[in-house]
Amino acid sequence: MAKNIQTSSTSTSERIGGWAFIIGALIAVILGVLPSTTSQPWVIGLLLALGVVVGLLNISDKEIVAFLVACVAFLVAAPVFAIAVGSVVSGFGWLGQILGHLSIFVLPAALIASIKAIVALAASR
């Protein structure tokens, strides 16, 4: 059985980007449960900043296409899912808040990855 051993080839920026993703996702979920954090500028700023860090440090050139497809799917499906669940079952407003916070976190990373993809396409011509 092969073990997944982390080698020294993992750069510091990749580790920071990986931790930024985990921390950002956890913060988005935790603060999404708290109704007092909805539309708070500091929450939005924090999630946007962590998303920028993820976009700059965590997405490699070979991962851009898969990352962008996943981001588009999430950013399209998340609000529709929250509305659908909220209209069927009352008391699930927190789900919409979590998905909203996750969307705010993912959006800058997707924007940066798309710019990287556009630059790579332009450079290959």
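1. **Starting at T37.** A polar atom in the side chain of T37 lies 2.8 Å from the backbone oxygen of L34. This is a polar contact (a pair of N or O atoms within 3.5 Å, one able to donate a hydrogen and the other to accept it; residues adjacent in sequence count only if both atoms are side-chain atoms). T37 sits in the loop that joins α1 (12-33) to α2 (41-57). Is T37 buried or exposed? Its relative accessibility is 5%, so T37 counts as buried. The cut-offs are under 20% relative accessible area for buried, over 50% for exposed, and partly exposed in between (1.4 Å probe, protein chains only). Setting aside residues up to four places away in sequence, T37 touches L31, G32, V43 and H101. Contact here means heavy atoms within 4.5 Å.

2. **What kind of model this is.** The model is predicted: local features need pLDDT of at least 70, side-chain atom pairs count only at pLDDT 80 or more, and totals for chains, interfaces and linings use all residues. Residues are numbered from 1 along each chain as its sequence is written, and side-chain values use heavy atoms, with hydrogens and water left out.

3. **The overall fold.** The chain has 4 helices and 0 strands. Helices (H or I, at least four residues) and strands (E, at least two) are DSSP runs, numbered from the N terminus. Along the sequence the pattern reads α-α-α-α. The C-alpha trace spans about 50 × 35 × 35 Å along its principal axes. There are 125 residues, and 30% of them count as buried. Take the contacts between residues at least 6 apart in sequence: 81% of these join residues at least 24 apart.

4. **The main core.** How many residues does the largest nonpolar core hold? It has 21. A nonpolar core is a set of buried Ala, Val, Leu, Ile, Met, Phe, Trp, Tyr and Cys residues joined through side-chain atoms within 4.5 Å. F67, L68 and F105 have the most contacts inside this core. At least two of its residues come from each of α1, α2, α3 (64-88) and α4 (93-123). The biggest share is from α4, which gives 8 residues. Now look at F67. Beyond its neighbours within four places in sequence, F67 contacts I59, A109, A110 and A113.

5. **Helix α3.** This helix has 25 residues. Where does α3 bend? The bend is at A77, by about 30°. That figure is the angle between axes fitted to the seven residues ending there and the seven starting there. A proline, P79, follows within four residues. The buried residues of α3 are I64, F67, L68, C71, A78, A82 and V85. Part of their cover comes from α4.

6. **Aromatic pairs.** The structure holds 2 aromatic pairs. Rings of Phe, Tyr and Trp (its six-membered ring) pair if their centres lie within 6.5 Å; planes under 30 degrees apart are stacked, over 60 edge-to-face, and the rest tilted. F21 and F105 form a tilted pair, because their ring centres are 5.7 Å apart and their planes meet at 40°. This pair links distant parts of the chain. F21 is in α1 and F105 is in α4, 84 residues apart. F21 is partly exposed at 37% relative accessibility, whereas F105 is buried at 2%. F92 and W94 are also tilted, because their centres are 5.4 Å apart and their planes are at 35°. F92 is partly exposed at 32%. W94 is partly exposed too, at 38%.

7. **V52 and I112.** V52 belongs to α2, and I112 belongs to α4. With neighbours within four places left aside, V52 contacts P108 and I112. Which class does each fall into? V52 is partly exposed, with a relative accessible area of 33%. I112 is buried, at 16%. V52 and L68 are 16 residues apart in sequence and 14 Å apart in space. I112 and H101 are 11 residues apart in sequence and 18 Å apart in space.

Key: Expected span 1.5 Å × (residues − 1).
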